Amino acid sequence: MSGLEQKDKNDFLIEKIKERPVNKRKLIRRTIITAAMAVIFGLIACFTFLVLEPVISNWLYPEEEPQPIVFPEDQEEMSPEEMLSDNMQAQNQEESRQETEVVLEEEQIESILSQIQLDKEDYRQLYTAMSEFVSQLNESMVTVTGVTSNIDWFNNVQESQNQSFGVIIANNGRELLVLADNTPISDAQELSMEFYNGVQVKAQVKQKDSFTNLAVLSVSLNDLPQENKEDLIKVAVLGSSNAKNIVGTPVIAMGSPMGISNSVGYGMITAVNSQLFAVDRNYKLLFTDISGSRNGGGVLFNLQGQVIGIITSEKAGSDMTNVIGAYGITELKKVIEKMSNGESVAYLGVSGVDVTQEAHEELGVPYGAYVREVDMDSPAMLAGIQQGDVIVAIDDRTIVNFGEYSTVLLQMEAGDQVNIQIMRQAQNEYREMNFSIVLGTAE
C-alpha cells in the first residue's frame, strides 16, 4: 500500500486543538467579584478581631476592677455621758495637779520670761521647719495644664494654656485620682499633669461638680514611669472641717493662693460661715487671715498634713476680697467620693435650711428640710414642689433637717424614681402631699 493511500485512511483520526477565545468582560467581572469578596472577608475579620480581642484578652489576662473609693466619715461628737466622764477625769487630774502646784509670784514669772530670748536664729529654724514640711506636702500636689487650640482668621493654629492645681486623693488600683479646680481648665481639649518631681503624664476628667467647679481627674497607673511609680503615688489624707474648735487652727495654703504658681501662705482659720446655700446641699466656708489673690486656688492643709479645705473665690462679703477662703472638706467628701467612682450626683433642685425649734414651736412648722428656693426647670419644679414646702420623707426615710436631706439624696443615683413626701401650708395648717419624681443629673 502506498503512503498516499495510508494517509487518506488516517485523515479522519487527525484532531486539531484550537484555543478558546478570552472573554475579557467575564474575566474582569470575576476579578472584581474576587477582590470584593477579599475586601468583605477582610472587613469581617477586622470587625471580629476588634470585638473579640478585648474579650479574649480579658479572659487570658483578666484586669482587676478598680477598687471603690470610700472616704471615712468624720468621727461623731462625744455623747453627753462621754463628755461627763472626760470632764470628771479632767477635774480629778486638775485637783491632783493643784495639790502639787507651786504658786509663783509675779516677779518670779517675769524673771523666768526674761530668760527666754528669741533671736533671728530661732525664726530661721522655725521657717526652715515649715519649709521642709511644705516640701513633704508638695509631694501630694500636682499641676494640671489645659491646652486649648483655636484657628484664627488666617487659618493659623493658636494654642493657649491654663493651669490649675490639684491634690492626689485616691488610688483605686487602676487610676490615680486627683481633685482639682475645674474653672481654669473647663474648656481644655487636652490635659497634662505634672508631679512634684517634674514627671508629666496625660490626664482626663473623670467627673465634675457644677456648683463647686471641682473635678476629679484620673491618670492611668500604666502611664506612670515604672522606675519611680511609688514615689509619685503620695495620697493626701482628707481631714475634718467639722471640729468645734476649728477657729484658730493653723493652716498652710498651697497651690496658687497668691495667684502665682506654687505659692504658699501661712496663717490660721479666723472665721467659719456655717452655711453657703447651694442646690440640694449646703457647704461650710472657712476663712483665714492669709491675704491672697481673688483668682487664687489650691488647698488648705493643717499641721497634721491633712486637707481641711479647698480654696475658692466665694466670699462672705465685699470687705473680704483679699482673704483666702475655702470650702470645708467635710461637706465635700460625699460629692468627691461619688465623682471618684465615676458616679453622677443626683439632682432634685431645691435649696433649703433646717427648721428651727422656734419656728416649730411658735409657727407650727414641721421638722424637715425647709425649701427656700426651687431651681428653674428642675425635677422638683416640674413635679410641683414650691417655696415654703417642708420635705419630711424620701422613700419612707424620715427627713428631720436639710443636712439629712442632702445625705439621703447623695446615696441615690440620677434616673432613680423616688417618692418625696412634703408638708405644705394651707389655711393655717400643714397638709401632707406626695410626689413621684425622677431624679436628674447635676451638671
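The chain has ten helices and 21 strands, taken as DSSP runs (helices H or I, at least four residues; strands E, at least two) numbered from the N terminus. This is a predicted model, in which local features need pLDDT of at least 70, side-chain atom pairs count only at pLDDT 80 or more, and totals for chains, interfaces and linings use all residues. Residues are numbered from 1 along each chain as its sequence is written, and side-chain values use heavy atoms, with hydrogens and water left out.

Of the 443 residues, 35% are buried, that is, under 20% relative accessible area with a 1.4 Å probe, protein chains only. A nonpolar core is a set of buried Ala, Val, Leu, Ile, Met, Phe, Trp, Tyr and Cys residues joined through side-chain atoms within 4.5 Å.

| Core | Size | Some members |
|---|---|---|
| Largest | 35 residues | Val 167, Leu 179, Phe 301, Ile 336 |
| Another, apart from it | 22 residues | Ala 380, Ile 399, Leu 409, Ile 437 |

Beyond four places in sequence, the contacts (heavy atoms within 4.5 Å) of Leu 179 include Phe 165, Leu 214, Val 216, Ile 310 and Met 339.

The lining of the second largest pocket has 25 residues, and Asp 181, Pro 184, Asn 295, Gly 296 and Gly 297 are the closest to the pocket centre. Strands E2 (157-171), E11 (297-302) and E12 (306-312) each give two or more residues to this lining.

Conventions:
Buried means under 20% relative accessible area, exposed over 50%, partly exposed in between (1.4 Å probe, protein chains only). On a 1 Å grid over the protein atoms alone, a cavity is a set of points where a 1.4 Å probe fits but cannot get out, and a pocket is an open set with protein on both sides within 12 Å along at least five of seven lines; lining residues have an atom within 4 Å of a point.
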